[in-house]
Amino acid sequence: MTQLYQQCTRCIMDTTVPGIRFDKRGECNFCAVHDHMDRAFPLGEAGRRKVQEIAADIKQLGKGKKYDCVLGVSGGRDSSFTLWYCVVKLGLRPLAVHFNDGFGNPVAGENMIKACRKLGVEMRTITSDWRESKDLKIAFLKASTPDMEEGTDVGIATALYGVAAKEGIQRIIIGQSFRTEGIAPLTWNYLDGKYLKAVHQQFGTVPLRPWKAEDPGFHLDIPQMFYYAFVRRIKTVTLLYHIDYVRADVDELLERELDWVNPGAHYFDDLYQSVIYYLNRTKFNIDRRLFNYSALVRSGQMPRETALERVSHVNKIEDEKVIALCIKRLGLTREEFEQIVATPPKTFRDYPNNYSLIRRLRWPIKVLSRMNLIPESAYDKYFNCGT
């Protein structure tokens with residue numbers, strides 16, 4: 001039975017989102033998740049105390065070491081602000097780590113270089129094996145699922161864990177916040193090492209290099225997560241969860257302090273996002289701005305009317321010239337690309353994955369996420385954000 005169209009009365013999430021539910025007021029379950037997380041990670045004085053606790057822990061563990069934390073950077077707004085805040089406000093000594101899969105926006109690349117130079121921070125770029133990276137992107141296009149950035153998402157995570165393991169660093173800081181980004185519905189952005197390997201095994205042509213602790217490549221399944229979390233005792237910290245971070249106020253600060261230049265759109269530090277947004281819209285009837293803008297609406301950072309008006313237009317990130325560039329970079333003709341994406345839509349459930357195991361581990365995952373042994377948003381993503 002086809003579900004009648006409905007839109008949340010509070011945010012802009014609607015029935016195009018898998019697993020969405022509405023209460024008697026017409027508010028969706030994603031709003032309920034936001035409210036739960038808002039209480040779990042308070043701002044104000046409690047947030048400031050938590051940030052100081054985090055900073056003290058990082059400094060204590062980093063005593064006598066060249067760096068006290070690994071911090072993921074992309075050249076976008078969120079990671080640039082997080083880098084500035086950690087150095088200027090908290091006095092941390094981060095090693096900035098960037099994952100390069102061949103699709104970086106040159107503007108974002110310049111942002112990273114300038115920021116690290118001005119702040120006196122070393123930046124280490126982990127460049128993926130181009131054959132593997134390209135092969136994974138094509139494999140996920142052929143898999144016909146909306147989570148086409150799986151390889152890059154896993155690559156970013158393994159770059160951070162690999163550098164932390166190599167340098168003996170026990171804290172990783174990532175610049176994301178549920179208040180400004182939201183949490184993607186599960187079937188739109190499912191992250192699972194077993195799933196990546198299954199898709200690659202079916203559609204890939206280039207063998208993936210074997211896992212090494214300090215050079216993980218594209219391997220991040222349950223055994224690797226166990227190693228990094230329990231053997232190496234590496235924790236991830238989503239610092240912005242505890243900071244009153246207002247995105248609209250940040251640009252001026254970054255321009256002044258770091259000579260930062262807006263890459264053009266949120267997530268456009270990665271040029272491949274042009275392809276992702278285009279195919280999400282035209283093939284899967286997905287607009288990823290729904291969960292991004294809804295987060296800003298719930299946080300009071302964007303009027304609901306503004307969000308509704310913006311999603312009534314095609315996202316400017318869908319730049320035809322950039323899409324053509326990405327297709328060429330993949331080594332495909334436009335005809336080959338169109339033939340691949342003409343296949344019927346699927347989801348991660350059409351391939352082997354760890355989801356049933358993850359569901360059985362619900363309570364351990366909740367405990368691990370609250371202990372920062374895995375990202376704090378992990379529990380809510382897998383258990384509260386869609387089916």
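Helices (H or I, at least four residues) and strands (E, at least two) are taken here as DSSP runs, numbered from the N terminus. The structure is a predicted model, in which local features need pLDDT of at least 70 and side-chain atom pairs count only at pLDDT 80 or more, while totals for chains, interfaces and linings use all residues. Residues are numbered from 1 along each chain as its sequence is written, and side-chain values use heavy atoms, with hydrogens and water left out.

An automatic or database domain assignment divides the chain into domain 1 (43–286 + 319–352) and domain 2 (355–386). The centres of domain 1 and domain 2, taken over C-alpha atoms, are separated by 19 Å.

An open sheet is built from 5 strands in the order β3-β2-β1-β4-β5, with parallel pairing; two strands pair if DSSP finds at least two bridges between them. Its edge strands, each pairing on one side only, are β3 (123–127) and β5 (235–237). From one strand to the next, the twist averages 30°. Strand β1 (residues 69–72) is joined to strand β2 (residues 94–100) over 4 bridges in the parallel sense, and C69 has P94 as its bridge partner in β2.

Helix α3 (residues 77–89) packs on this sheet and touches β1, β2 and β4, its direction making about 155° with that of β1. Contact means heavy atoms within 4.5 Å; axes are lines fitted to C-alpha atoms, for helices over the stretch in contact, and angles run from 0 to 180 degrees between N-to-C directions. Helix α2 (residues 44–61) lies across β1, β4 (171–173) and β5, and runs at about 135° to β4.

A salt bridge (a side-chain nitrogen of Lys or Arg within 4 Å of a carboxyl oxygen of Asp or Glu) is found between R171 and D57, at 2.7 Å from N to O. Because R171 lies in strand β4 and D57 in helix α2, the pair ties together parts that are 114 residues apart in sequence. The count of salt bridges comes to 24.
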